[in-house]
Amino acid sequence: MYVTLRDRPGSDEPAAAGSTVKRVSSTVVLLGVVSLLTDVSSESVNSVLPLYLTAVVGLSPVAYGFLDGMYQGVSAFVRLAGGYAADRGGHPKWVAVVGYGASAVSRIAMLPAHGFAAITGVVTADRLGKGLRTAPRDSLIAASSDPKMLGRAFGVHRMLDTVGAAIGPLVAFALLAAVPGSYDSIFVVSFAFAAIGVVVLLLFVPNMRTTVSAARVGFRMVMREVGGRRLRGPLIAATVLGLMTVGDGFLYLSLQERDDFAAKYFPLLYVGTNIAYLTLAIPLGRLADRVGRSKVLLAGHVVLIGCYVLAALPAGGLGLTLVTLAMLGVFYAATDGVLPALISKLVAADVRGSGIAAAQTVQAVARFVSSVVFGLLWSIQGPTTSLVLFTALLAAAVPLAAWLLRGIDRSPAVEVAA
């Protein structure tokens, strides 16, 4: 498989006869490299964070559930602001720079943070940075890509992003293997990768204008688009599905309690998920462009139901653990890039960043609630019963989401703001 570059980002002109078909713009690839470096940084920390917080810092499942919820949901408070700032200013690159920079600083801030309050503050800063950067970055991807191949473009970006997410846990595992308990070294190396990512963004990603007229993008216009009929069903569906989604950290901790392999090689659990994700991100993005993005999104949640069933089994083993991790990776490949690709065509180009941010916001808030509730249930009745309950709830949520998304793939793309 190879990725060819579009000479003029966003151009819909066909390639000249006899030339290689140009599919993905260089802007998408450069943003993918930035995300790759940033995810090496973030996932090297995230892969040890559940174990670090529960075994080293000594957090209870309830406290970890709250912190995991913060990790999942705090970015929701600035996602809409990031999307609106990108649309209003017309240059989303600089909003993304602020977001990536905040996350980079938070890595080194983990060194002096040892108490619950301090760690919560650092995690909050990291997630605020992610909230600021995500919608502007996705707006750049959409603006520089052929509208008919948004699934492919987001798939390429998510593949590169996930290469970094797969390397990060390997970095953490290698550092802990070399010096057991050397969490500080992980935080320092994580900061270095994040800083390089910010430099690549500053020096190489073009400062594209993504709106026709930034002066037209007012608050009322954004609210009219975000609260309009076209987005109502997708936003409710994203909320319902997000409420039934268990945080990855809890899933990995459940596997750790059941399996010796998961307990011994905890950071590598993230690698198993990410390998499946990066392998399938482009194929499932292309499939979404062909058969319908809502269909692939829903199919990903069906796979997640199977993942929860396997994780809830009382006995496991290496093979079952690997299948569980692979299914989680399939879920992300079918949903993470597909959702913004789905939303992109439902809002006007002038407010695309705000539309994407709205979907990511409701999803993040829902997952925050889900993590807190799951942490409480874990403390009361343990991981297995809690997983069984969430499996049943997700199985009921998928048909509801399918009804909310009915006909959405046949909706014509919106090109100009009203």
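Here are some worked exercises on the predicted model shown above.

The model is predicted, and local features need pLDDT of at least 70, side-chain atom pairs count only at pLDDT 80 or more, and totals for chains, interfaces and linings use all residues. Residues are numbered from 1 along each chain as its sequence is written, and side-chain values use heavy atoms, with hydrogens and water left out.

**Exercise 1: The chain as a whole**

Task: Find how many helices and strands the chain has, and what share of its residues count as buried.

Solution: 
- Step 1. The chain has 17 helices and two strands. Both are DSSP runs numbered from the N terminus: helices are H or I with at least four residues, strands are E with at least two.
- Step 2. There are 418 residues, and 57% of them count as buried. Buried means under 20% relative accessible area, exposed means over 50%, and partly exposed lies in between (1.4 Å probe, protein chains only).
- Step 3. Now look at contacts, meaning heavy atoms within 4.5 Å. Among contacts between residues at least 6 apart in sequence, 84% join residues at least 24 apart.

**Exercise 2: Helix α1 against helix α8**

Task: Describe how the axes of α1 and α8 cross, and list the residues that make the contact.

Solution: 
- Step 1. Two packed helices are described by the angle between their axes and the distance between the axes. Axes are lines fitted to C-alpha atoms, for helices over the stretch in contact, and angles run from 0 to 180 degrees between N-to-C directions.
- Step 2. Helix α1 covers residues 26-46 and helix α8 residues 183-204; their axes come within 8 Å and cross at roughly 165 degrees.
- Step 3. The two helices are therefore roughly antiparallel to each other. By the cut-offs, angles under 35 degrees count as roughly parallel, over 145 as roughly antiparallel, 65 to 115 as roughly perpendicular and the rest as oblique.
- Step 4. On the α1 side, the contact uses Leu30, Leu31, Val33, Val34, Leu37, Val40, Ser41, Ser42, Ser44 and Val45. On the α8 side, it includes Ile186, Phe187, Phe191 and Phe204.
- Step 5. By class, 16 residues of this contact are nonpolar, five are polar and none is charged. Here Ala, Val, Leu, Ile, Met, Phe, Trp, Tyr, Cys and Pro count as nonpolar, Asp, Glu, Lys and Arg as charged, and the others, Gly among them, as polar.

**Exercise 3: Helix α11 and its two partners**

Task: Work out how covered α11 is, and how it packs with α14 and α15.

Solution: 
- Step 1. Helix α11 spans residues 248-258, and nine of its eleven residues are buried. Among them are Phe250, Leu251, Tyr252 and Arg258.
- Step 2. The axes of α11 and α14 (residues 293-312) come within 10 Å and cross at roughly 30 degrees. That makes α11 roughly parallel to α14.
- Step 3. Leu251, Leu255 and Arg258 of α11 meet Cys307, Tyr308, Leu310, Ala311 and Ala312 of α14. This contact has seven nonpolar residues, no polar ones and one charged.
- Step 4. With α15 (residues 318-335), α11 packs at about 170 degrees, the axes being 11 Å apart. That makes α11 roughly antiparallel to α15.
- Step 5. Asp248, Leu251, Tyr252, Leu255 and Arg258 of α11 touch α15 residues including Leu320, Leu328 and Tyr332. The classes here are seven nonpolar, two polar and two charged.

**Exercise 4: Single residues**

Task: Is Asp161 buried or exposed, and which residues does it touch?

Solution: 
- Step 1. Asp161 sits in helix α7 (residues 150-178), and it is buried, with a relative accessible area of 11%.
- Step 2. Leaving aside neighbours within four places in sequence, Asp161 touches Gly32, Ser35, Leu36 and Asp39.
- Step 3. Asp161 and Gly32 are 129 residues apart along the chain, yet their C-alpha atoms are separated by 5.7 Å.

Task: What are the relative accessible areas of Thr335 and Thr385?

Solution: 
- Step 1. Thr335, in helix α15, is buried at 7%.
- Step 2. Not counting residues up to four places away in sequence, Thr335 touches Leu297, Gly300 and His301.
- Step 3. Thr385, in helix α17, is partly exposed at 41%.
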